[in-house]
Amino acid sequence: MTEIVRNALGGFVNLPVWVVGGAVRDWALGRPAKDIDLAIDGDAAAFGREIACSAGGHFFVMHPASQTARVAFADGAWLDIVPLPLGLDADLKRRDFTVNAMALPLDFYMQAPEPGGLPPAPPSQLADPTGGWSDLGERIIRVTHPRVFEEDPLRTLRGLRLLATLGGSHIQTESLALLRDAAPLLSTTSPERLRDEWLSTLDVPDGGRAVLAAAEMGLLDSIVPQWRDMVGVTQNPYHHLDVWDHTLAVLREFDGFCGSGGGMPGELQGPVREYLREYVSPPHSRRALLRLAILLHDSGKPETRSEDEEGRIRFLSHEHTSEGLARSWAVRHRLSGRERAFLGAVVGLHMRPGGLLAPEVSTRAVTRFFRDAGPAAPALLLLNVADRLAARGPWTTDEEVETQVEGSWRLLGQWVEMKNTVALPLPISGKDLMEAFVLSPGPRIGRIIQALRDVHAETPFADRESALEAARQIVNGAEDTVTPPQGIQ
């Protein structure tokens with residue numbers, strides 16, 4: 001529970017309010033819960049408004065028919081509030097899985113549980129009509145009733161997310177059969193709801209395992225149907241796996257060094273984890289969107305595969321085809337503009353980092369990469385590490401892999417330094433250029449300014465005069481040989 005949510009609920013602990021669902025499961029396991037579901041025997045909307053007014057949250061009614069309300073807070077956390085027209089037990093029995101069908105009084109929930117994991121006996125205050133506490137202890141994922149998935153096909157993905165988040169868990173045999181049978185129904189879910197549930201599934205520590213399980217259970221056909229086209233598509237000898245198995249291997253490598261930190265330099269682990277936790281647009285984190293980008297980064301290979309006369313396999317411009325598929329997914333599932341830009345940049349530019357690590361690459365080329373990639377630059381470098389580690393064909397040497405991996409970590413270190421450095425503003429403007437060189441407004445001004453920024457990022461101009469001298473070289477047609485200023489070092 002975030003501090004904002006705790007403070008928001010502090011004044012309501014004496015009311016007959018229940019904490020229900022996944023928050024109780026996480027409470028029992030000693031895990032923090034960011035988002036909390038509340039149940040109240042009364043007017044849920046009125047209660048939500050009262051919380052929002054007292055804590056400064058944003059209130060709205062999510063489902064007018066059921067009067068489910070939500071209060072969203074500035075830190076990205078939220079409270080969902082439901083009424084109990086048929087009573088608490090009836091509400092719990094209608095939920096998806098037994099481990100999500102428990103409830104605790106709000107005042108008891110606000111007390112931290114004893115450390116050390118799940119206690120052998122449930123607290124006396126627990127409402128548990130479907131046996132969720134016992135299933136949680138045995139790590140069994142079991143539906144509360146046979147029509148769970150018919151009532152809401154999106155619950156199939158929630159089962160998958162539970163499988164990924166509850167270590168050592170398994171789906172009960174009968175429940176798994178029901179889930180597999182209901183997998184085709186997932187395509188009837190609204191794009192927005194499917195998007196949110198899928199990205200939440202990808203935002204777990206072991207997201208790569210979730211992708212593989214989604215494919216095996218038939219769920220991925222309704223989410224990213226292109227995955228089947230990738231199966232069996234052989235690659236050149238730089239690879240030892242077909243396109244689909246390579247994609248899964250990239251996900252596993254990413255999960256390995258971004259989960260445990262194994263292989264990642266220690267000084268990068270904190271900044272990288274902070275970067276991945278950040279929202280591109282709430283509630284979708286960079287970690288979730290990067291995993292989606294990894295899933296799609298080679299999706300264009302089946303369409304672009306070719307063989308020349310000597311039998312060499314090529315995938316010319318596959319990154320651009322993949323980017324088109326990624327952007328189509330983003331539009332269909334109504335991602336925000338920022339999310340579309342991030343996803344498109346990671347998929348479309350994923351070949352760029354590999355070319356930046358040759359000895360002859362200039363500092364300016366690296367600067368242009370960071371400029372072009374923007375917020376996606378660290379994600380591209382992380383993808384490059386995972387991509388290289390997952391390609392172990394006979395044409396790939398250990399030395400090449402090491403060069404790419406170590407070079408990517410080095411560039412990530414540069415990103416950390418840039419992130420912590422306040423950039424100096426360019427000392428001249430487009431208006432200055434037009435006045436000094438009698439130029440008309442137009443695209444040429446923008447190109448000159450961008451070329452000056454490339455130089456300025458490498459060696460800052462000390463003053464306006466040194467920037468104008470560099471601009472003179474560009475205007476005179478010597479853009480590629482601009483002399484760096486002898487200014488601030």
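For the charge count, Lys and Arg are taken as positive and Asp and Glu as negative, while His and the chain ends are left out. With that rule, the chain carries 49 positive and 64 negative charges, and their mean positions are 3 Å apart. Note that this is a predicted model.

**Whole chain**

Select everything. The C-alpha atoms fill a box of roughly 80 × 60 × 40 Å along the principal axes. Color by secondary structure: there are 25 helices and 12 strands. Switch to a surface. The accessible area is about 22600 Å², and carbon and sulfur atoms make up 52% of that area. Of the 489 residues, 51% are buried. Residues 24 or more positions apart account for 68% of them.

Select residues 78-83, strand S5. How many of the six residues are buried? Six of the six are, so S5 is largely enclosed by the rest of the structure. Show the side chains. Trp 78, Asp 80 and Val 82 point one way. Leu 79, Ile 81 and Pro 83 point the other way. Both sets are buried.

Center on Ala 39: Val 82 of S5 stands opposite.

Arg 70 stands opposite Asp 80 in S5. Follow the chain through the hairpin of S4 and S5, where five residues lie between the strands. Stop at Gly 76 in that hairpin, which takes a positive phi near 90°.

**Helix H13**

Jump to residues 243-259, helix H13. The 17 residues reach 24 Å, close to the 24 Å expected at 1.5 Å a residue. H13 is mostly covered, with 12 of its 17 residues buried. Among the buried residues are Trp 244, His 246, Phe 254, Asp 255, Phe 257 and Cys 258.

**The S9 to S10 loop**

Select Pro 282 and Pro 283. Is the peptide bond that joins them cis or trans? The bond is cis, with omega about 5°. Pro 283 sits in the loop between S9 and S10. Most peptide bonds are trans.

Go to residues 301-304, helix H16, and pick Thr 304. Is Thr 304 buried or exposed? Its relative accessible area is 15%. The cut-off for buried is under 20%, so Thr 304 counts as buried. Which residues is Thr 304 in contact with, leaving aside neighbours within four places in sequence? They are Arg 314, Phe 315, Leu 316, His 318 and Thr 321.

**Two residues with positive phi**

Select Ser 317, in the loop between strand S12 (313-315) and H17. Ser 317 is not a glycine, yet its phi is positive, about 60°. At 42% relative accessibility, Ser 317 is partly exposed.

Move on to Arg 334, in the loop between H17 and H18. Arg 334 also is not a glycine and has a positive phi of about 60°. Most residues other than glycine have a negative phi.

**Helix H18 and its cover**

Select residues 337-348, helix H18. The 12 residues should span 16 Å at 1.5 Å a residue, and the end C-alpha atoms are 16 Å apart, which agrees. The buried residues are Glu 339, Phe 342, Leu 343, Gly 344, Ala 345, Val 346, Val 347 and Gly 348. What covers them? The cover includes helices H14 (266-277), H15 (286-296) and H17 (318-332). Strands S9 (279-281) and S10 (284-285) take part too, as does H21.

**Helix H21**

Finish on H21, residues 377-389. The end C-alpha atoms of its 13 residues are 19 Å apart, which agrees with the 18 Å that H21 should span at 1.5 Å a residue. H21 is mostly covered: 11 of the 13 residues are buried. The buried residues include Leu 380, Leu 381, Leu 382 and Leu 383, along with Asn 384 and Asp 387.

Technical notes
Residues numbered from 1 in each chain as written. Predicted model: local features only at pLDDT ≥ 70, side-chain atom pairs only at ≥ 80, totals over all residues. Heavy atoms only, no water. Helix = DSSP H or I, 4+ residues; strand = E, 2+ residues; numbered from the N terminus. Buried < 20%, exposed > 50% of the residue type's maximum accessible area, 1.4 Å probe, protein only. Contact = heavy atoms within 4.5 Å. Areas by Shrake-Rupley, 256 points an atom, 1.4 Å probe, with all protein chains shown as cover. Charge placed at Lys NZ, Arg CZ, Asp CG, Glu CD. Pairing = 2+ DSSP bridges. Expected span 1.5 Å × (residues − 1).
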